[in-house]
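Dear colleague,

I am handing over the structure below, and I would be grateful if you could look through it alongside the notes that follow.

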Amino acid sequence: QPTAATERRRTCIGCRTTAPPTASWRRAAATSGGTVECGSTAPGRGAWCCSVHCFDEAVRRRRFDRALRRTLSNDETTAMRARMFEN
């Protein structure tokens, strides 16, 4: 069982703070096929955000592009934001 010193941490791409995975949302993952999936269980390279404000900041500064190592279209970021509010 992980201790506080060895617990995994995730970095928010909006504000760059670190937190345990339970305190952040894995917003997107770029799969090996090049598609972008939303959610915490999607396979592939992930991007984490700790709040809606940080999501908007990450989109504005194009940090999803860097984190996922591909350029996201406006439709993809709009779909991610819509999915974020459905839960």
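Arg62 is partly exposed, with a relative accessible area of 45% (buried means under 20%, exposed over 50% and partly exposed in between, with a 1.4 Å probe and protein chains only). The side chain of Arg62 meets that of Asp65 in a salt bridge, at 2.8 Å from N to O, a salt bridge being a side-chain nitrogen of Lys or Arg within 4 Å of a carboxyl oxygen of Asp or Glu. Asp65, at 16% relative accessibility, counts as buried.

Please bear in mind that this is a predicted model, in which local features need pLDDT of at least 70 and side-chain atom pairs count only at pLDDT 80 or more, while totals for chains, interfaces and linings use all residues. Residues are numbered from 1 along each chain as its sequence is written, and side-chain values use heavy atoms, with hydrogens and water left out.

The structure holds five salt bridges. In another of them, Asp56 pairs with Arg81, with the closest N and O atoms 2.8 Å apart. Asp56 lies in helix H1 and Arg81 in helix H3, so this pair ties together parts that are 25 residues apart in sequence (helices, H or I, of at least four residues, and strands, E, of at least two, are DSSP runs numbered from the N terminus). Asp56 is partly exposed at 31% relative accessibility, and Arg81 is also partly exposed, at 27%. Glu76 forms a salt bridge with Arg70, where the closest N and O atoms are 3.2 Å apart, and a network of salt bridges links Glu57, Arg60 and Arg61.
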